[in-house]
Amino acid sequence: MNLSTARAAGRAKEIGLRKVVGAHRSQLIMRFLLESIILTLIAVFISILLIQLALPVFKTISDKDLSMNYFVNPVIFMALLGLFIILGILSGSYSAFFLTSFRPVEVLQGKLRMRTKHPFMRVILVSLQFTVSIILIIGTLLIYKQQKYLSNTRLGYEKDNIIALNIRSSETRKKLESIKRELLQNPDILHVSASTHLPLGTNMFSAHHPVGKPQNEQIMLYGQIVDHDFLETYGLELLEGRNFSLEFPNDLQESIIINQTAVRELGWQDNALGKEIEMIMALDERKKYKVIGVVKDYHFQSLHEKIHPIALYNYSPFELRYSKISVRLAPGKIREVMSFIESKWKEFEPLYPLEYIFIDDQYNSLYRSEERLSKLFLYFTILAIIVGCLGLFGLSSFSAEQKTKEIGIRKVLGASVPGIILLMLKEFMKWILLAVLIAWPLSYIIMNSWLQNYAYRVKPSFDIFLLSSLLALLIALIT
């Protein structure tokens, strides 16, 4: 629409001459619409070709197995058919109905110039296109900033150079202490621990009653069952009290370690050590535990969630079905140590192959959707900028065509080319600035709503809005 109206003056004279020789307005409208529909149909076929070329890349980004059966699937075929007809009519309608509305005498006398001095329709379209472009630029930068924040946030535990081995056999569980000793013979293995869950993963969730408080006062605690080496293996910081220890046999049944959030929610900020809490089990059975330590808060869920209260229990491995062995390796020694672990595993577990995951990979997998969204936003931003530039190019071409004589007179009178360019740029910059003013509040509302999905998030800072707007202005100036 923008590009076709840029040629309005030339087409208007053509229309005027056609009307003089007897063409009806309805015929001219059909001619314009048909031209637009044919161009849109060509665009549909080009887009199908581009989709086929881009589909493998899009499959990788979206992590979906997609295929497009354009002419077999009736829904897709009818959607394409309706799309190209509707778009063809809409994009050609302004030129068709606007240009054909003039009387031939007005056109041939040059009065069209007066009627098209302020092309508000095109200005509105260009402003809207750049509004969308700026919103997408801001969105892309904010998503990237949030991704970087997720990658660099301190989790409260170590995730690098730790692998978790999966235990599938009850016989293997009975040999856990000997397995840990065997693995620690390798100098590149720093720590080994057994647990039911990894720091980041599914946890128990049950009601607890703090002893000494009314029975109706209860707190929901997440739970992880770990051995005495768990805190050291994952680098969890003990703020008060002590860790589980083999020197205290009662730890296996009677002791727990809680995090800072649990301390706050229980109201034990003065001193949590030695306090007792009951786990409420099925049939209202209760098991009492004593707090022996307080661990610094750590993220045992994704950063979409705030840190919840959690308790670490220490049961005997012979009574509990431990499912994970966590092995902390020396940096840079992963390949060598993996060969050692694989050979040892055949001795520990001859029936099942070695199954393992890297803890940092487990963490990164939580944010694959954000990574895909970031790439999609980037591609759509580029497309929106291109479309916006085409609209601006049409608008500036139209303006230049309308001012051809004015520009010639100014040059004859001594105006420089940079001076004339600056004069014309002033006209367009006000519409781009309008797009900036519209885009800022809209993008803030949209992206702030998206960031609400995260309990821990970046803030939409002024520098991102300014950078996005300057980028859009630069693109507009170049166009």
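The following questions and answers set values computed from a predicted model against the definitions used for them.

Q: How many helices and strands does the protein have, and what makes a run of residues count as one?
A: The protein has 18 helices and 11 strands. Both are DSSP runs, numbered from the N terminus: helices are H or I with at least four residues, and strands are E with at least two.

Q: How does the radius of gyration of the protein compare with that of a compact globule of 479 residues?
A: The protein has 34 Å, whereas a compact globule of 479 residues would have a radius near 23 Å. The radius is taken over C-alpha atoms, and the globule rule is 2.2 Å times the number of residues to the power 0.38. Along the principal axes, the C-alpha atoms fill a box of roughly 105 × 55 × 50 Å. Asn73 and Val294, 221 residues apart along the chain, have C-alpha atoms separated by 61 Å.

Q: Why is Asn73 called partly exposed?
A: Buried means under 20% relative accessible area, exposed over 50%, and partly exposed in between, with a 1.4 Å probe and protein chains only. Asn73 has 29% relative accessibility and therefore counts as partly exposed. Asn73 is found in the loop between helix H3 (25-62) and helix H4 (74-99).

Q: Why are Gln147 and His308 called buried?
A: Gln147 has a relative accessible area of 19%, so it is buried; His308, at 18% relative accessibility, counts as buried too. Gln147 lies in helix H7, and His308 in the loop between S8 and S9. Contact means heavy atoms within 4.5 Å. Leaving aside neighbours within four places in sequence, Gln147 is in contact with Glu370, Glu371 and Ser374. On the same terms, His308 is in contact with Tyr222, Asn259, Thr261, Phe300 and Gln301.

Q: How do you know that the span of helix H13 agrees with its number of residues?
A: The expected span is 1.5 Å times one less than the number of residues. For the 15 residues of H13 (residues 334-348) this should be 21 Å, and the end C-alpha atoms are 20 Å apart, which agrees.

Q: Which residues of H13 are buried, and how do you know where they lie around the helix?
A: Val337, Met338, Ile341, Lys344, Trp345 and Phe348 are buried in H13. Seen down the axis, they fall within an arc of 135 degrees, so they line one face of the helix. The arc is that of the directions from the helix axis to the C-beta atoms. On the other side of H13, Arg335, Lys346 and Glu347 are exposed. What covers the buried residues includes helix H9 (176-183) and strand S2 (189-195).

Q: What puts the buried residues of H9 on the same side?
A: The buried residues are Leu176, Ile179, Lys180 and Leu183. They cover an arc of only 100 degrees around the axis, which puts them on the same side of H9. An α-helix has 3.6 residues a turn, so residues three or four places apart point the same way. The buried residues of H9 pack against H8, S2, S10 and H13.

Q: What makes Tyr157 and Tyr298 an aromatic pair, and which geometry does the pair have?
A: Rings of Phe, Tyr and Trp (its six-membered ring) pair if their centres lie within 6.5 Å; planes under 30 degrees apart count as stacked, over 60 as edge-to-face and the rest as tilted. The structure holds 13 aromatic pairs. Tyr157 and Tyr298 are 6.2 Å apart centre to centre, with 85 degrees between the planes, and form an edge-to-face pair. The pair links distant parts of the chain, 141 residues apart. Tyr157 counts as buried at 6% relative accessibility, as does Tyr298 at 0%.

Key
Residues numbered from 1 in each chain as written. Predicted model: local features only at pLDDT ≥ 70, side-chain atom pairs only at ≥ 80, totals over all residues. Heavy atoms only, no water.
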